[in-house]
Amino acid sequence: MGNTMRRIIAFIPSERCQRYLVGDLKEMPLDRTLDLSSRQLRRLPVPICVFNELVKLYLSDNNLSSLPTEIQSMKKLQLLALDFNCFEELPTAVCRLPQLSILYLGNNRLYHLPRELRELKELNTLWLETNCFTVFPKVVCELPNLKTLHLGYNQIQSLPRELIMLEELRSIWLAGNHLAEFPPVLLEMHFLAVVDVDRNRIRRFPALSHMEGLKLVIYDHNPCVNAPAVGEGVRRVGRWAECLNDEQEDDGPKAVTETTAEVTEAQSEEEHDI
């Protein structure tokens, strides 16, 4: 199908036209993975929901702002990608997917999450970066198996005390928010391995050397006057990161690039474990 024809049909929201954009899908994919990314979909055709054996469903980079309630029949779904769409609210039907473990919601228009999100007891990875959150969504603190949380590039100014309940959390990404201080609750979460507070408004960092599980802290692009003190073997990315006694010296782009590559590789391995 030509791109011009696809764009024209995309503006017609009828079920028939949206099914045409999806293509001729009559049988469940053998690998139980369905990728409908970048199809310019405005609606998810309901017949797709009959594939109730699907494990992974990619709907990234479309024009979706809602989902049919029938999607909740996909009880074996473990990964759902809804990033780069037009969602202002998370459809509650998503919260009725009992085996969902990875949920991508980045680059939408979300400013809150439904209370029903706490029903996703198996969720371990949640991406919420580049949305419209001005307040940390507290319902996230009720996800007992959450290990990775991405909330970068929102407008969050503080973290709630309830975050400490996430005893399985290992990495939290908060770059590009409005944090004026290092969140105090994180100091009590000794099990954290990765903390990213890049591009915030933090002027002074407390010592993090007591955080026994910490492996990486990213604090670059803050108006800080000091580097956070960390334990032996902990990687820091930011000003003075590689200097003893916090002497002034930039960490340099090489270290940042290497760390980013390491983190990306680790995240890919995490997803492929499904």
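Asn-62 is buried, with a relative accessible area of 5%, where buried means under 20% relative accessible area, exposed over 50% and partly exposed in between, computed with a 1.4 Å probe on protein chains only. Asn-62 lies in the loop between strand S2 (56-58) and strand S3 (79-81), strands being DSSP runs of E with at least two residues, numbered from the N terminus. Leaving aside residues up to four places away in sequence, Asn-62 touches Leu-36, Ser-37, Ser-38, Arg-39, Gln-40, Leu-41, Phe-84 and Asn-85, a contact being heavy atoms within 4.5 Å.

The model is predicted, so that local features need pLDDT of at least 70 and side-chain atom pairs count only at pLDDT 80 or more, while totals for chains, interfaces and linings use all residues. Residues are numbered from 1 along each chain as its sequence is written, and side-chain values use heavy atoms, without hydrogens and water.

Rings of Phe, Tyr and Trp (its six-membered ring) pair if their centres lie within 6.5 Å, with planes under 30 degrees apart counted as stacked, over 60 as edge-to-face and the rest as tilted; the count comes to three aromatic pairs. Phe-205 and Tyr-219 form an edge-to-face pair, 5.4 Å centre to centre with 70° between the planes. This pair links distant parts of the chain, 14 residues apart. Ring pairs also join Phe-182, Phe-205 and Tyr-219 into a cluster.

A search of the whole structure finds zero disulfides, a disulfide being a pair of cysteine sulfur atoms within 2.5 Å.

| Residue | Relative accessibility | Class |
|---|---|---|
| Phe-205 | 4% | buried |
| Tyr-219 | 1% | buried |
| Cys-132 | 35% | partly exposed |
| Cys-141 | 4% | buried |

Terms used
Helices (H or I, at least four residues) and strands (E, at least two) are DSSP runs, numbered from the N terminus.
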